[in-house]
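The report that follows accompanies a structure and is meant to be read with the coordinates open. It moves from a definition to the pocket, then to the chain as a whole, and ends with individual residues.

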Amino acid sequence: MFDWLRKLFLNAKAQGALLEKLEQQAYTAKAQLNESLSLACSSTKPAAKVSHLEFAKSKFAELKAIAAEHPRMRLTNETEVDAAIKQLEQDFSRAGYYAIRNQSASVHVSLSRKAEEFLR
């Protein structure tokens with residue numbers, strides 16, 4: 001007789017647990033985003049600056065996805081964060097940090113002649 005009430009209660013409980021999990025995920029992503037932006041600004045190595053900025057961008061995208069999926073969660077300063085990320089990208093690009101990072105990555109991928117011969 002009261003089966004519908006029990007189902008309603010269980011559904012509400014499950015939704016509450018899901019929202020709590022998403023809130024924790026959003027909080028963690030926000031903390032990681034803020035730390036990564038800070039490290040992107042304060043790091044002395046160009047490759048580290050770019051790496052931290054790329055990680056921050058991924059966390060920002062994660063936060064936007066959470067907010068889009070759950071209207072009760074919203075980003076209050078999305079425009080400012082987006083502008084800060086774009087400004088850092090422009091600054092890093094002008095400074096040549098992306099080129100330095102790409103050169104660095106290609107050096108790590110290079111194989112010695114002996115390794116190339118072994119793989120043939």
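A pocket, as the word is used here, is an open set of points on a 1 Å grid over the protein atoms alone, with protein on both sides within 12 Å along at least five of seven lines. Its volume is the space filled by probe spheres set on the points. In this model, which is predicted, the largest pocket holds about 330 Å³ of space.

**The pocket and its lining**

The lining of the largest pocket consists of 18 residues, and those nearest the centre of the pocket are Ala26, Lys30, Leu63, Arg74 and Leu75. By class, the lining is made up of 11 nonpolar, three polar and four charged residues. Helices α1 (3-42), α2 (46-69) and α3 (78-95) each contribute at least two residues to this lining, and the largest share, seven residues, belongs to α1.

**The chain as a whole**

The protein chain contains five helices and zero strands, so that its pattern, read along the sequence, is α-α-α-α-α. Of its 120 residues, 20% are buried, while its accessible surface amounts to about 9,100 Å², with 57% of that area belonging to carbon and sulfur atoms. Among the contacts with a separation of 6 or more, 59% are between residues 24 or more positions apart.

How far apart are the end C-alpha atoms of α2? They are 35 Å apart, which agrees with the 34 Å that the 24 residues of α2 should span at 1.5 Å a residue. The buried residues of α2 are Lys49, Val50, Leu53, Ala56, Lys59, Phe60, Leu63, Ile66 and Ala67; Leu63, listed here as buried, is also one of the residues nearest the centre of the largest pocket.

Ser51 is likewise placed in helix α2, but it counts as partly exposed because its relative accessible area is 35%, a value between the limits of 20% for buried and 50% for exposed. Leu39, which lies in helix α1, is also partly exposed, because its relative accessibility is 29%.

| Residue pair | Separation along the chain | C-alpha distance |
|---|---|---|
| Leu39 and Val50 | 11 residues | 9.8 Å |
| Leu39 and Ser51 | 12 residues | 9.5 Å |

Conventions
Residues are numbered from 1 along each chain as its sequence is written. This is a predicted model: local features need pLDDT of at least 70, side-chain atom pairs count only at pLDDT 80 or more; totals for chains, interfaces and linings use all residues. Side-chain values use heavy atoms; hydrogens and water are left out. Helices (H or I, at least four residues) and strands (E, at least two) are DSSP runs, numbered from the N terminus. Buried means under 20% relative accessible area, exposed over 50%, partly exposed in between (1.4 Å probe, protein chains only). Contact means heavy atoms within 4.5 Å. Accessible areas come from the Shrake-Rupley method with a 1.4 Å probe; for residues, only the protein chains shown count as cover. On a 1 Å grid over the protein atoms alone, a cavity is a set of points where a 1.4 Å probe fits but cannot get out, and a pocket is an open set with protein on both sides within 12 Å along at least five of seven lines; lining residues have an atom within 4 Å of a point. Ala, Val, Leu, Ile, Met, Phe, Trp, Tyr, Cys and Pro count as nonpolar, Asp, Glu, Lys and Arg as charged, and the others, Gly among them, as polar. The expected span of a helix is 1.5 Å times one less than its number of residues.
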